[in-house]
Amino acid sequence: EMSEMSERSKQNVAHGLAWSYYVGYLKIVLPRVKKSMEEFSRANPNVLACRETWKLHILVPLSCDIYDDLEKADSNIQYLTDLNETTLTRAGTKKRVYKHSLYAIKAEDNKLWHCAVEYATPLQSLYAMSQDECAAFSREDRLEQAKLFYRTLEEILKGSKECAGTYRLIAYHELDEAETHFLSRNILWHLRQQHHEEYAVYEGNQPHNPSSTLSSTELQISQSDLPQPLRSDCF
């Protein structure tokens with residue numbers, strides 16, 4: 001009965017996607033990110049100047065609208081190269097490849113900032129569910145589940161020692177009349193924040209928070225919806 005109630009209210013969707021994303025992907029790749037960045041930086045010392053940005057920047061659009069090609073999402077985002085790949089045997093697949101792409105983000109002054117960035121791919125599932133009649137998943141459901149996915153993932157990663165300091169979650173909502181370069185502006189804001197964290201030189205000159213970047217209040221969900229510790233005494 002409890003399981004049926006959870007299914008009807010769709011409480012399990014975001015939790016399951018967040019845990020699957022963490023266990024099946026982030027927990028594998030994030031601990032290796034800094035090493036890949038360091039290897040790239042040794043070969044290209046002028047590109048990744050700020051060590052604080054040596055993280056995987058994970059885009060979380062609450063609309064769940066994801067571009068396969070970031071360059072098509074925003075012309076100020078240009079693919080640079082791929083970082084060194086990791087090859088593992090997983091779930092019967094020999095030599096499964098994990099890799100991240102490095103991008104150059106062009107600022108208003110034409111300065112280039114570089115970072116590894118990608119979308120949180122489980123959001124594609126939420127979007128697909130809202131387009132499929134069989135899922136009975138409304139646009140409102142999708143928004144709430146996207147928020148819950150973000151908050152669940154945030155809590156999981158905060159508790160992960162292996163992933164500490166290896167990621168940056170970038171949650172945002174597209175404006176009704178979206179600016180041409182709203183995505184690059186959001187990424188740049190986070191890069192500048194990290195730059196200030198490492199080089200706190202210009203006091204009082206913090207980057208302006210773009211209107212499409214979400215505050216913690218806008219992402220607020222009830223305490224009961226937060227991920228709970230797994231228990232073995234329930235069986």
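Helices (H or I, at least four residues) and strands (E, at least two) are DSSP runs, numbered from the N terminus. The model is predicted: local features need pLDDT of at least 70, side-chain atom pairs count only at pLDDT 80 or more, and totals for chains, interfaces and linings use all residues. Residues are numbered from 1 along each chain as its sequence is written, and side-chain values use heavy atoms, without hydrogens and water.

**Exercise 1. Work out in which order the five strands of the open sheet lie, and which strands are at its edges.**

Solution. 
Step 1. Apply the pairing rule: two strands pair if DSSP finds at least two bridges between them.
Step 2. Read off the order, which is 2-5-6-1-7, with mixed pairing.
Step 3. Pick the strands that pair on one side only: strand 2 (77–82) and strand 7 (167–172).
Step 4. Neighbouring strands are turned by 40° against each other on average, direction ignored. Axes are lines fitted to C-alpha atoms, for helices over the stretch in contact; angles run from 0 to 180 degrees between N-to-C directions.

**Exercise 2. Is His 190 buried or exposed, and which side chain does a polar contact join to that of His 190?**

Solution. 
Step 1. Locate His 190 in helix 6 (residues 182–198).
Step 2. His 190 has a relative accessible area of 6%, so the residue is buried (under 20%; exposed is over 50%, partly exposed in between; 1.4 Å probe, protein chains only).
Step 3. The partner is Arg 168, at 3.1 Å. A polar contact is a pair of N or O atoms within 3.5 Å; within protein, one must be able to donate a hydrogen and the other to accept it, and residues adjacent in sequence count only if both atoms are side-chain atoms.

**Exercise 3. Find which helix gives the largest share of the lining of the largest cavity.**

Solution. 
Step 1. On a 1 Å grid over the protein atoms alone, a cavity is a set of points where a 1.4 Å probe fits but cannot get out; lining residues have an atom within 4 Å of a point.
Step 2. List lining residues, among them Val 29, Arg 32, Tyr 98 and His 100.
Step 3. Helix 2 (residues 11–43) gives the largest share, four residues.

Definitions and conventions:
1 Å grid on protein atoms, 1.4 Å probe; cavity = no way out; pocket = protein on both sides within 12 Å on 5 of 7 lines; lining within 4 Å.
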